[in-house]
Amino acid sequence: MEGVFKGDENYLNLEATELRLGLPGTNESSVTKNNKRASPESGKKIGFNGDSAPKSGDPVTAQPPKAQIVGWPPVRSYRENNFHPNKSESETGIYVKVSMDGAPYLRKIDLKVYSGYSELLKALESMFKFTIGEYSEREGYNGSEYAPAYEDKDGDLMLVGDVPWEMFISSCKRLRIMMGSEARGLGWGA
Amino acid sequence: MSGSLDHSDKGQTAPDLSIQMALSSDQALEIVLENVLCFLSSRHDRNAASLVCKSWYRAEALTRSELFIGNCYSVSPQRVTQRFRQVRSVSIKGKPRFSDFSLLPRNWGAYFATWLVSMVDVYRGLEKVYLKRMCITDDDLAFLAHNFPALKDIVLVCCEGFGTSGLAFVASECRNIRVLDLIDCDVSDDDEDWISWFPESSTSLESLTFDCVESPINFEALERLVIRSPSLKKLCLNEYITIGQLYRLMVRAPQLTHLGTGSFSPSELVVHGEQEPDYAAAFAACKSLICLSGFKEIVPDHLAALNPVCANLVTLNFSYAHINAEQLKSVISRCVKLKSLWVLDSITDEGLQAVAATCKDLLELRVFPTDAADDADGPVTEVGLLAISVGCRKLRSVLYFCQRMTNTAVTAMSKNCPDLEVFRLCIIGLHRPDPVTGEAMDEGFGAIVKNCKKLTRLAVSGLLTDKAFCYIGQYGKLLRTLSVAFAGDSDLGLRYVLKGCPMLRKLEIRDSPFGDLALHSGLHHYYNMRFLWMSSCRVTHKACEQIARQLPRLVVEMISKDEDKEETSEYVETLYMYRSLEGPRADAPGFVRIL
């Protein structure tokens with residue numbers, strides 16, 4: 001609660017009883033930035049009742065991001081997987097669809113399960129029964145008809161491996177194992 | 001009843017009949033009774049009939065063919081199979097509803113296996129199994145498929161413990177299978193191509209629902225199955241079915257009435273120059289289609305394909321479709337006969353206004369959230385709810401997730417929609433007051449219980465004081481189910497409800513400051529309830545022990561998250577209590593303590 005003027009008692013009280021997310025001490029921006037939800041302990045309320053928990057008058061301290069409340073909002077877990085990309089990723093995986101040109105079905109994988117590109121590619125190879133070539137920054141994937149590509153947040157088709165792993169898993173929306181000339185085309189150039 | 005009746009004799013009565021058949025008059029009466037009771041189908045009527053006298057009890061027990069067990073632990077399989085001998089249909093419900101939201105640890109119970117063991121000798125003619133929130137394994141499914149040759153309908157709702165292997169058993173061994181519906185189940189992917197296990201001959205399948213099965217399906221096998229299932233009326237596909245594959249299936253099954261469309265998006269492979277199928281034509285050919293769902297990965301370009309069927313739609317489930325208001329409008333504006341609509345809040349208030357403008361016969365509306373995060377504002381608000389209440393006067397059931405709501409809008413709905421039986425409002429932000437007045441949401445919910453005289457189910461949220469519960473106790477005379485989360489001030493709140501709602505059967509409460517005094521105030525009523533759930537409240541172990549002593553027919557379960565955790569906390573983490581004829585169950589795991 002930066003900006004509270006200690007001398008101004010009325011202002012202090014107003015802030016203390018203001019209803020917002022999170023425990024007293026968080027500022028608005030930190031709450032909206034992270035995806036984790038506020039977790040007021042049961043019985044603790046910020047606001048209306050006279051017998052509310054004592055915290056309202058506590059000294060200002062910056063609070064760390066809150067843990068998500070279990071089972072809230074009350075939607076069944078398979079619906080949570082369909083939440084907007086904004087949702088917290090701490091507890092559930094990063095599921096993306098994988099398709100391969102020529103294969104009649106899609107598969108779904110959890111990117112969080114893999115620690116890096118080599119693990120991911122190995123998994124894809126065994127899932128779809130094919131081999132990927134050697135990766136080089138300049139030439140893309142050599143030695144195979146296939147090239148693993150992904151669609152990123154902006155909808156662009158990128159070659160898997162071009163960006164650091166952490167950046168990849170946060171921006172990858174869909175994986176596509178391309179075949180043939182289109183695959184080679186993607187490998188060239190920046 | 002065989003035997004000849006001599007019509008020429010005047011004044012023939014039962015005693016004469018009994019002489020002819022060498023029966024006692026009691027036996028004759030019972031036979032008559034059985035023949036009459038056969039026509040009684042409602043279980044409530046049957047329960048009443050069974051209480052008349054021993055004779056009626058026996059006759060009813062022999063003629064009951066549909067068994068409904070609302071709580072699998074309220075009665076044992078042995079007791080049930082000893083009393084009811086001619087059962088053809090079994091419905092069993094297991095875990096409490098809050099288990100859907102991860103509030104119940106795994107392996108709590110509700111195993112179907114114990115029921116199978118008892119049923120196998122007695123219910124050889126079993127035709128239908130309906131399970132909700134039960135644990136059923138692959139072995140159980142194999143046992144079921146193998147030992148009940150007359151089995152026609154299997155419906156599993158919110159069940160878990162099995163995988164595609166179990167489904168393969170069902171497919172291959174249930175020769176008369178007519179309905180196989182898996183709804184919201186957690187089905188593990190054992191890599192088993194279960195669809196291929198259906199027999200090669202023509203099947204009697206009428207309904208196949210597997211949209212919750214999160215593993216790839218052998219499409220060719222599915223297509224062949226659809227071709228050889230001429231009675232198929234309901235088909236709900238999973239998200240691994242692309243729109244191109246959907247097209248092929250629809251072409252094979254134009255007689256469908258219910259269709260779950262799968263992903264409703266193309267696979268990645270779109271060969272350049274290849275003609276896209278005429279999806280609209282496929283829909284147009286399905287002249288009996290009244291129910292649509294799926295749309296798990298919808299590409300809005302294809303929404304227009306739905307146009308030919310919109311005018312006949314009775315049910316539309318868009319709750320997985322991330323579409324905006326404009327996209328919804330293009331569809332909903334044609335859905336004049338719609339009675340049930342499930343949507344995502346991505347459609348915004350504007351989308352809801354469009355619904356209100358067209359769907360005058362709407363009976364049920366569910367608006368689900370796309371985002372779990374707390375925002376001061378969300379895509380749907382009091383504006384949308386108000387619009388719906390004005391346009392859809394016949395509403396009976398509402399489920400509405402939002403970030404903000406006003407008492408005015410809720411009150412308006414209570415007046416505009418007097419037929420409401422189910423009102424579930426979830427204001428996602430905890431303890432949110434009315435953003436316009438700054439007041440608690442007491443008056444809005446008060447208006448609902450007061451004005452909606454047919455209300456049987458209520459879920460409350462937002463900032464609520466004990467006053468809200470006072471209203472509920474005062475006016476909620478038909479209320480059967482109540483869900484409370486993060487609400488109330490003191491024991492008084494729960495007291496009002498327990499004292500005031502005589503029809504209350506299911507009460508589930510979480511994270512609310514209700515304690516021992518409140519718990520005690522319901523002693524007079526707990527035997528009339530199916531269950532009471534209280535988690536993260538202020539109930540002490542002592543109070544629970546007292547309740548258990550005073551009500552011996554009540555099973556009082558104290559559930560903690562960890563098995564090892566000593567009872568360090570003052571309050572019981574989760575209290576789950578229910579009436580039972582059997583006493584404490586034998587299969588409780590370590591983290592459950594039964595008093």
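These are my notes on a few things I looked up in this structure, which is a predicted model.

**Chain A, the overview**

I started with the make-up of chain A and found six helices and seven strands. Reading along the sequence, I wrote down the order as α-α-α-β-β-α-β-β-β-β-α-β-α. Next I checked burial: 44% of the 190 residues in chain A are buried. I also looked at contacts in chain A between residues at least 6 apart in sequence, and 51% of these join residues at least 24 apart.

**Chain B, two helices**

How do α7(B) and α8(B) lie relative to each other? Helix α7 of chain B covers residues 138–147, and helix α8 of chain B covers residues 164–173. I got an angle of about 5° between them, with the axes 8 Å apart. Angles under 35 degrees count as roughly parallel, so α7(B) and α8(B) are roughly parallel to each other.

Then I listed who meets whom. From α7(B) I have Asp138(B), Leu141(B), Ala142(B), Ala145(B) and His146(B). On the α8(B) side they meet Ser165(B), Gly166(B), Leu167(B), Phe169(B), Val170(B) and Glu173(B). Sorted by class, this contact has six nonpolar, three polar and two charged residues.

**Chain B, one arginine**

I picked out Arg424(B), which sits in strand β16 of chain B, residues 422–427. Is Arg424(B) buried or exposed? I found it buried, yet without a salt bridge. Glu364(B) is the nearest side chain of opposite charge, 6.6 Å away; a salt bridge would need the atoms within 4 Å.

Leaving out residues up to four places away in sequence, I noted that Arg424(B) touches Arg97(B), Arg366(B), Val398(B), Leu399(B), Tyr400(B), Arg457(B) and Ala459(B).

Conventions
Residues numbered from 1 in each chain as written. Chains lettered and ligands numbered in written order. Predicted model: local features only at pLDDT ≥ 70, side-chain atom pairs only at ≥ 80, totals over all residues. Heavy atoms only, no water. Axes fitted to C-alpha atoms, helices over the stretch in contact; angles between N-to-C directions. Helix = DSSP H or I, 4+ residues; strand = E, 2+ residues; numbered from the N terminus. Parallel < 35°, antiparallel > 145°, perpendicular 65-115°, else oblique. Contact = heavy atoms within 4.5 Å. Nonpolar A, V, L, I, M, F, W, Y, C, P; charged D, E, K, R; others polar. Buried < 20%, exposed > 50% of the residue type's maximum accessible area, 1.4 Å probe, protein only. Lys, Arg positive; Asp, Glu negative; His and termini not counted.
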